[in-house]
Amino acid sequence: MDKAHGDPVETHAITADAEADAIAQLETAEHAAERHIPEHHTPERHARHGLIRTFHPRRGRASTTQADALTRLWPLYGYTIPDPHHDYHTPAVAPDAAFDRRALFGRDAPLVLEIGCGMGEATAEMAAADPGRDYLGADVHTPGLGNLIALAEARGLGNVRVARGDVLFLLRDSIAPGSLAAVHVFFPDPWPKAKHRKRRIIQPDTVALIRDRLAVGGVLHCATDWAEYAEQMLEVLQADPGLRNRFDGYAPREAVGRPLTGYERRGLRDGRPIADFVFEKIGPAIGS
Ligand SMILES: C[S@@+](CC[C@H](N)C(=O)[O-])C[C@H]1O[C@@H](n2cnc3c(N)ncnc32)[C@H](O)[C@@H]1O
């Protein structure tokens, strides 16, 4: 279906109950996973078709507004990422057909991908201030996506859509090289324990994947409130041969034009310093 132009009322009649059931089952499964799976017993890279799992199953049910937005507006706003290892969507939520950004947004405009958009407040704010570009908020956390859809509807934002599932699969399998205007990674899970650091999303191979999907001149903007992760981010981003830091080390807050996010508020409340990094994809050197 053409999501931009399809009839949401008709689709709602077909999918609302299934979607509500899927949400309830997903939340139950997430709770169960959190209760029963020991921290070390998470699927490893080889079991996930080469990709590390960078997220936690999260607590939190959808509020009435979020659930309503998910059931009523998902056909218009939502895309479910095909993921061969959808163990966090148990029972599985059926993936959508191939990712077609034109059908999803109903136009061809520069695309900004936000990895781990959480409750989506920053996504909605940035999209509202930037109507010429499309914003795709991706997360595995369904209530947060419901929140973003509700914000988009309330504010009449035609340039916001959401993707549910592991965004690394979307990036690797469905986003063409050189096709993204920007990638935002705001306050990714810090995985503070040494044995879990390999789960951090900002590491050399994921940064190389993101850089490959960016257009030349496109921007990778990361932020964290975790000082030690900030050092690692800077090291990894600086080491990537296809990226150039737009600033000298950390990006000054007043220069980055980023609204406060939910996790940032928590970090500030707990007295943690905030670090932003803005790197740009550079073209191949002349003669190379
Ligand atoms: C710590 S939260 C930050 C949320 C939001 N950016 C903010 O600042 O409030 C990190 C989010 O990234 C999501 N996430 C982590 N890895 C992901 C992945 N591979 N695919 C999709 N979402 C992911 C998590 O589910 C979580 O919602």
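Colleague: What covers the buried residues of helix 4?

Modeller: Strand 2, strand 3, helix 5, strand 4 and strand 5 are included in the cover. The buried residues in question are Ala-122, Thr-123, Ala-124, Met-126 and Ala-127, in a helix that runs over residues 121-128. Please keep in mind that this is a predicted model, where local features need pLDDT of at least 70 and side-chain atom pairs count only at pLDDT 80 or more, while totals for chains, interfaces and linings use all residues. Residues are numbered from 1 along each chain as its sequence is written.

Colleague: What makes a run of residues a helix or a strand?

Modeller: Both are DSSP runs, numbered from the N terminus: a helix is H or I over at least four residues, and a strand is E over at least two. On that basis the protein has ten helices and eight strands.

Colleague: Why is Asp-139 called buried?

Modeller: A residue is buried if 20 or more other C-beta atoms, placed from the backbone, lie within 10 Å of its own, exposed if 12 or fewer do, and partly exposed in between. Asp-139 has 25 C-beta neighbours inside 10 Å, so Asp-139 counts as buried. Asp-139 is part of strand 3. Across the protein, 42% of the 288 residues count as buried.

Colleague: Which residues does Asp-139 touch?

Modeller: Setting aside residues up to four places away in sequence, Asp-139 touches Gly-116, Cys-117, Gly-118, Gly-144 and Leu-145. Two residues are in contact if their C-beta atoms, again placed from the backbone, lie within 7 Å.

Colleague: How do you know that Glu-114, Asp-139, Asp-166 and Asp-189 cover a "binding site"?

Modeller: That comes from the UniProt annotation, in an unreviewed entry. UniProt positions are given in the numbering used here with shortened feature names, and annotations may be inferred rather than shown by experiment. These four residues spread over 76 residues of sequence but cluster in space, with a largest C-alpha distance of 13.9 Å.

Colleague: Is Asp-189 buried, exposed or partly exposed, and what makes it so?

Modeller: Asp-189 has 17 C-beta neighbours inside 10 Å, so Asp-189 counts as partly exposed. Asp-189 sits in the loop between strand 5 (180-186) and helix 7 (204-213). Apart from residues up to four places away in sequence, Asp-189 touches Thr-54, Phe-55 and His-56. Trp-191 lies in the loop between strand 5 and helix 7, and with 18 C-beta neighbours inside 10 Å it is partly exposed.

Colleague: Why is Glu-264 called buried?

Modeller: Glu-264 has 21 other C-beta atoms within 10 Å, so Glu-264 is buried. Glu-264 belongs to helix 10, and beyond its neighbours within four places in sequence it contacts Phe-187, Asp-225 and Ile-274. Gly-262 is also found in helix 10, but Gly-262 has 16 C-beta neighbours inside 10 Å and therefore counts as partly exposed.

Colleague: Which residues come nearest to the ligand?

Modeller: Phe-55, Gly-116, Gly-118, Phe-187 and Thr-261 do, out of 23 residues around the ligand. A residue is near a molecule or strand if its C-beta atom, placed from the backbone, lies within 6 Å of it. Helix 10 gives the largest share of this shell, three residues.

Colleague: How do the residues of that shell divide?

Modeller: Eleven are nonpolar, seven polar and five charged. Ala, Val, Leu, Ile, Met, Phe, Trp, Tyr, Cys and Pro count as nonpolar, Asp, Glu, Lys and Arg as charged, and the others, Gly among them, as polar.

Colleague: And what makes a set of residues a nonpolar core?

Modeller: A nonpolar core is a set of buried Ala, Val, Leu, Ile, Met, Phe, Trp, Tyr and Cys residues joined through C-beta atoms within 7 Å. The largest one here has 65 residues, and Leu-148, Ile-149 and Val-183 have the most contacts inside it. Helix 5 (residues 142-155) contributes the most to this core, six residues. Among the residues that Leu-148 touches are Cys-117, Thr-123, Ala-124 and Val-160, residues up to four places away in sequence not being counted.
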